Amino acid sequence: MTKPLVFEKPLGMRDTLPDLYEIKSKSRSAMEQAVQKWGYRFMQTPTVEYYDTVGEASATLEQQLFKLLDQEGKTLVLRPDMTAPIARVAASTMQGHSQPMRIAYSANVFRAQQQEGGHPAEFEQFGVELIGDGSTSADGEVIALMIETLEHVGLRNFQVAVGHLGYVDVLFKEILGTDERVEKLKRFLYEKNYVGYKQHVKNLPLSSIDQKRLLDFLHLRGENKLEDAEKLITSTRGYEAIEELHALRECLKAFGVNEITTLDLTLVSHMTYYTGVVFEGYAPKLGSPISNGGRYDDLLGKFDNKAKATGFGIDLDYLMEAIQTAETKPFTHCVIFSEKHRKEAYAFVRKLRDQGGMVVAQDIKGIGSLDAYTEQFSNVTYYLGKEEGGEQ
Amino acid sequence: MSSSTLTIAMPKGRIFEEAVQLLREAEYILPPEFEDSRKLILEIEEANLRFILAKPMDVPTYVEHGVADVGIAGKDVMLEEKRNVYEVLDLGISRCYLAVAGIPGTELDTVAPKIATKYPNVASSYFRSQGKQVEIIKLNGSIELAPLIGLADRIVDIVSTGRTLKENGLVETEKIIDITSRFIVNPVSYRIKANAVDEMVHRLDKVIEGKEIAR
């Protein structure tokens, strides 16, 4: 093991330099406004949580958790997402609050990178949770709000895929009978291994009709597939899931976002975490989803609370890559002064700042190369000897 | 380049020719000099396709990061790299298998059995599943050398005809898994370029099915 060199950072950790910081914070406030308009209120939770509570409940894989020990030897984690901590708060500290609750957050989350670089290990997530509402309107609301939020920061040409894990579970259970077999087949979907899925189905002791139903399932992606999905179902619980999808479609139409969303029942973003509607947002030229979310009705149960909930999270760093705004440098003014003229310079600077300008006051003694330094400003005023008040 | 252009990561070397052949059978019109070119990026504007030529082991990496929408990769590479991509089709080309091999009559060392391989993850999980703890030595090629010269007790490698093993006096001791090439898709491209991807999957599938029946 070599000692890190002075400029090195742990794998996946990144600096945010002023230019990016400014674009990021501008986007963040645009998104904050968007969700506040829908009545969501922001909150914060600690960066460090117990592994046994938030770590266990989170949807993040065990090997991606950053773990540390406290003085008593208890295992802690750097929060891998915000949903689990908010579920903890909703189930405990905020238990008395009347539901449904609308909570928003913007925070850094941590996921260790194993293999290589290319993905950040610490990144900012922006999202909302709608807790205590099991209705389809709630599912529609978070999808519509996610779309509005992304549009509000200037993202264009993105798409949202909407799936339903309840449907997948019911269909598989109808055909396969046991939870064990359902889980086995579902894992192929989760691992995105369709070749393995098809081979597995062909080797199952099923009637050719049932095999065909499972193979046809892989095509339930795209427009007008809801009717096809309905044909595969035979049980009452299955029809309930279909009903829900019909209702959701109507709801998304009412929100006016049905053009952006596509039904995709093959979307299995997690094995156990999500329980109903799931969705992912995609932007062109980005290799990973820019946002995701869904209904997680069992999560609060892990904190001894039965409330149903749904929410979305947007990856702010990916979003920055996707919008690629050609941001121009902010207009800044620099006032360069000598010690002798400091007082007048400061008075002038204060006046400019009071008028809303961004002004740097800089003692001439502190500058090495004057030309190189002044290059970065849009305007420079000198308070030096005779040239006082003169502009360049 | 229009936004509907599909970027395809192709594996250089052994699989390349078979993959090109398959695309031609699927009625993609590729220029005749395609195979001879040394360029790493080839654009075919009429077909809205762009090919990138990568090391076979790197194909899933390009696809996972989304710089290629789709790719052709061996199952061996998929097992080794465990990338977050859709494995949509078994192309049925470049058939071979992963196997364990060694010098005939030799046993695994009881204290520290050593395995030389290009596939450390596959080898490690295979021996774990057999209830054995082994030490893996990563090599980048000419794996057969390792047992001959005393670097390892066994090797884990691709076997297609078995000739290389035979010529070097090695025998296959266990077969691990059959390998063919797969058509893989980036998770975002799978949805945002669904039409172009589905079209390609459909055309390739038709060719493969025809071959299955003929076999």
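This report describes a predicted model with chains A and B.

## Ground rules

Residues are numbered from 1 along each chain as its sequence is written, and chains are lettered from A and ligands numbered from 1 in the order in which they are written. Because the model is predicted, local features need pLDDT of at least 70 and side-chain atom pairs count only at pLDDT 80 or more, while totals for chains, interfaces and linings use all residues.

## Domains

Chain A is split into domain 1 (18–323) and domain 2 (332–387). Such bounds come from an automatic or database domain assignment. The centres of these two domains of chain A, taken over C-alpha atoms, are 51 Å apart.

Chain B also has two domains: domain 1 (6–94 + 180–214) and domain 2 (96–178). Their C-alpha centres lie 29 Å apart. In chain B, 4 residues of domain 1 are in contact with 6 residues of domain 2. Two residues are in contact if their C-beta atoms, placed from the backbone, lie within 7 Å. On the domain 1 side, the touching residues are 1 nonpolar, 1 polar and 2 charged. Here Ala, Val, Leu, Ile, Met, Phe, Trp, Tyr, Cys and Pro count as nonpolar, Asp, Glu, Lys and Arg as charged, and the others, Gly among them, as polar.

## Chain B in outline

Chain B holds 8 helices and 11 strands. Helices (H or I, at least four residues) and strands (E, at least two) are DSSP runs, numbered from the N terminus. The C-alpha trace of chain B spans about 60 × 35 × 30 Å along its principal axes.

Of the 215 residues in chain B, 38% count as buried. A residue is buried if 20 or more other C-beta atoms lie within 10 Å of its own, exposed if 12 or fewer, and partly exposed in between; C-beta atoms are placed from the backbone. Take the contacts in chain B with a separation of 6 or more: residues 24 or more positions apart account for 68% of them.

## The sheet of chain B

Strands of a sheet pair through backbone hydrogen bonds, either parallel or antiparallel. In chain B, 6 strands form an open sheet with mixed pairing, in the order E2-E3-E1-E4-E11-E5. Two strands pair if DSSP finds at least two bridges between them. The edges are strand E2 (41–44) and strand E5 (86–90) of chain B, each pairing on one side only. From one strand to the next, the twist averages 25°.

Strand E4 (residues 70–74) and strand E11 (residues 181–185) of chain B run antiparallel, joined by 5 bridges. Gly71(B) has Ile184(B) as its bridge partner in E11(B). Helix H1 (residues 14–25) of chain B lies across strand E1 (6–11), E4 and E11 of chain B, at about 135° to E1(B). Axes are lines fitted to C-alpha atoms, for helices over the stretch in contact, and angles run from 0 to 180 degrees between N-to-C directions.

## Where the chains meet

How many residues of chain B are in contact with chain A? There are 17 residues of chain B, facing 15 residues of chain A. E5 and helix H7 (189–192) of chain B are the elements that give two or more residues to this side of chain B. E5(B) gives the most, with 5 residues. By class, the chain B side has 8 nonpolar, 4 polar and 5 charged residues.

Chain A sends a helix to the sheet of chain B. Helix H7 (residues 194–203) of chain A lies across E5 and E11 of chain B, at about 55° to E5(B).

Helix H5 (residues 165–176) of chain A has 12 residues. Its first and last C-alpha atoms are 16 Å apart, close to the 16 Å expected at 1.5 Å a residue. The expected span is 1.5 Å times one less than the number of residues. H5(A) is largely enclosed by the rest of the structure, because 10 of its 12 residues are buried. Among them are Leu165(A), Val168(A), Asp169(A) and Phe172(A). The cover includes strand E7 (159–164), helix H10 (236–255) and strand E9 (277–282) of chain A. Just after H5(A), Gly177(A) takes a positive phi of about 85°.

E9(A) is largely enclosed too, because 6 of its 6 residues are buried. Val277(A), Phe279(A) and Gly281(A) lie on one side, with Val278(A), Glu280(A) and Tyr282(A) on the other. E7(A) pairs with E9(A) in the antiparallel sense over 6 bridges. Strand E10 (residues 291–295) of chain A also pairs with E9(A) in the antiparallel sense, over 4 bridges. Phe279(A) stands opposite Val162(A) and opposite Gly293(A) in E10(A).
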